Amino acid sequence: MKTIKIVPLLFLFLLSACSSIRVNSDYDSRVDFSQYKTYAFHKKGIDRVALSELDKKRILRAIDNELTNKGMSKSDNPDLLVNIFTKEREQIDVNQFNMGWGYGWGWGWNPYFWGGNSYVTSSTQGTLYIDLIDAKKKELIWEGEGMGILTENRKEKEKQINEFVTKILAQFPPTETKK
């Protein structure tokens, strides 16, 4: 009977372990997040992000959807300003596989060597930061970060951006607020 209860938990753990996006967040523990009901995008900050305009639109649409789902609304006189920042780096992996038979110990020539292969792969790891700024005080109150391998496939890109934003904003508002 106990194994039946453990199987769904194990399955859930395996699904979360397969996720390719890692997220973190940080926040000001002295802030009461329940006071924030409206938001707007910080245009000056977003304009400086080195990203294609299409990807910026995708990210902003995803943020819009997530904040709306949390009961917030866009406003010309917002409680929060939303800013984004991105960075990326190339990741190169070299894997070597050698297989052979031989005799003796240690390094040296192997007359019975069957062969080996080296595989080199590269990928781009991207990081998306979402900053929430108190509009009146002009202070950063919450920051979320998502890291993962990026895709160049246009159809997958929108799905991936939505996944990044959803996972990052799942941590907003923080569950441990002002004490």
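Let's start on a strand: Val120 sits in β5, which runs over residues 113-134. This is a predicted model, and in it Val120 comes out as exposed, because its relative accessibility is 59% and the cut-off for exposed is over 50%.

Now for Ser34, which lies in the loop linking β1 (22-27) to β2 (38-41). Buried or exposed, or something in between: how does Ser34 count? It is partly exposed, because its relative accessibility is 46%. The side chain of Ser34 has a polar contact with the Asp32 side chain at 2.7 Å.

| Residue | Relative accessibility | Class |
|---|---|---|
| Val120 | 59% | exposed |
| Ser34 | 46% | partly exposed |

On to the inside. In soluble globular proteins, nonpolar side chains tend to be buried together. Here, the largest nonpolar core counts 28 residues, and Ile63, Ile130, Val165 and Phe172 have the most contacts inside it. At least two residues of this core come from each of β2, α3 (53-69), β4 (80-100), β5, β6 (139-149) and α4 (154-169).

Which residues does Phe172 touch, once neighbours within four places in sequence are set aside? The list is Phe33, Leu67, Lys70, Met72, Leu80, Leu132 and Trp142.

Terms used. Residues numbered from 1 in each chain as written. Predicted model: local features only at pLDDT ≥ 70, side-chain atom pairs only at ≥ 80, totals over all residues. Heavy atoms only, no water. Helix = DSSP H or I, 4+ residues; strand = E, 2+ residues; numbered from the N terminus. Buried < 20%, exposed > 50% of the residue type's maximum accessible area, 1.4 Å probe, protein only. Polar contact = N/O pair within 3.5 Å; in protein donor to acceptor, adjacent residues only side chain to side chain. Core = buried A, V, L, I, M, F, W, Y, C linked by side-chain atoms within 4.5 Å. Contact = heavy atoms within 4.5 Å.
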